Amino acid sequence: MSLPNVVIPFVKASACGNDFLLIDATTIEDAQAPADLAGITRRMCDRHEGVGADGVEWMYPHPAADVEIRLINADGSEAEISGNGTRCVAAYVCAERGLETIRIQTGAGLKTCVLTGRNESEYEFEVEMGEALVGAELAVKLEEGEVRGIPVSMGNPHYVVFVAEFAENWRTEAAEIQRSSQFKQGVNVEMVVVDGKHDVRARFFERGVGETQSSGTGSCAAAMAAMATGRAESAVRVHAPGGTQTVRQEGDSVFLRGSARLVCRGEFFLN
């Protein structure tokens, strides 16, 4: 048996259950493969026919940063940034180059990741996420009434809905919110239960993916909306099915702390 001529090396990483494939984009050029990042990403992220992931972080050299990344979601759409994906890339760079302060150029600007702990293949970073833009409460019409939430930008769009408890049909409602014409660029939806001044629980329904086990920018949006509306105070622990992340505010800047684990290394057969 002969192996395919074109293979794409990858590292798989997970941040609180939010999983990504990390790929040196120059391998596409080296393999002389068609640079259809959307198509390749869809194939690789398929959980039955591919490797399986929420998205691919394509990594490039950058003159003023340690690495530049381009995030393609599992459905082939492009996103500005993933907080969890950025942290996964930081773990990879730390493992490969030994850096503990890592500057990553994202579609939402330059992010600095500072290593705060390490245990074998699991890393913890605090990432300066920039400024959160929290809007006024916004009503969105649904088939069965309306929902009220807080729009937040973390360099990508979010809509935070506070609930007493997670409804059984929350995914259906989140998907309907995403389809609303009020969100011209789509939106990431967070359903949030406030348990105290420093603790919230969240469920995430993200653009281009659907439900995810956690979300870095989503955790920031949930915490900042809770703080802006007087429901919480910095620092806020955001508990999700995949794990807990901590969000704090210092001046106008938002800082996100959480773990990232390097899972495996492999090769994807492209043809």
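**Loops, a cavity and overall form in a predicted model**

Alanine 235 is found in the loop between α5 (216–228) and β16 (236–240); helices (H or I, at least four residues) and strands (E, at least two) are DSSP runs, numbered from the N terminus. The peptide bond that leads from serine 234 to alanine 235 is cis, with omega near 0 degrees. The structure is a predicted model, in which local features need pLDDT of at least 70, side-chain atom pairs count only at pLDDT 80 or more, and totals for chains, interfaces and linings use all residues. Residues are numbered from 1 along each chain as its sequence is written, and side-chain values use heavy atoms, with hydrogens and water left out.

The protein contains 5 helices and 18 strands. Its 271 residues would give a compact globule a radius of gyration near 18 Å, and the value for the protein, 18 Å, agrees with this; the radius is taken over C-alpha atoms, and the globule rule is 2.2 Å times the number of residues to the power 0.38. The C-alpha trace spans about 60 × 40 × 30 Å along the principal axes. The accessible surface comes to about 12,200 Å², and 44% of it belongs to carbon and sulfur atoms; accessible areas come from the Shrake-Rupley method with a 1.4 Å probe, and for residues only the protein chains shown count as cover. Of the 271 residues, 50% count as buried, where buried means under 20% relative accessible area, exposed over 50%, and partly exposed in between (1.4 Å probe, protein chains only). Among contacts with a separation of 6 or more, 60% are between residues 24 or more positions apart, a contact being heavy atoms within 4.5 Å.

Cysteine 16 has a phi of about 55 degrees and is placed in the loop between β1 (7–15) and β2. Glutamate 120 also has a phi of about 55 degrees, and its place is in the loop between β7 (109–119) and β8 (122–130). Cysteine 16 is buried because its relative accessible area is 7%, whereas glutamate 120 is exposed because its relative accessible area is 69%.

Serine 77 lies in the loop between β4 and β5 (78–79). With 27% relative accessibility, serine 77 counts as partly exposed. Leaving aside residues up to four places away in sequence, serine 77 touches Leu71, Ile72 and Gly208. Arginine 42 belongs to helix α2 (residues 37–45) and, at 42% relative accessibility, is likewise partly exposed. The contacts of arginine 42, with residues up to four places away not counted, are Ala74, Asp75 and Gly76.

A search of the whole structure finds 1 cavity of 30 Å³ or more. On a 1 Å grid over the protein atoms alone, a cavity is a set of points where a 1.4 Å probe fits but cannot get out, and lining residues have an atom within 4 Å of a point. The volume of the largest cavity is about 130 Å³; grid points are joined across faces, edges and corners, and a volume is the space filled by probe spheres set on the points. The lining has 14 residues, of which Leu71, Asn73, Ile81, Ser82 and Glu206 lie nearest the centre. The elements that give two or more residues to this lining are β2 (18–24) and β4 (67–73). The lining residues divide into 5 nonpolar, 6 polar and 3 charged; Ala, Val, Leu, Ile, Met, Phe, Trp, Tyr, Cys and Pro count as nonpolar, Asp, Glu, Lys and Arg as charged, and the others, Gly among them, as polar.

Definitions and conventions
1 Å grid on protein atoms, 1.4 Å probe; cavity = no way out; pocket = protein on both sides within 12 Å on 5 of 7 lines; lining within 4 Å.
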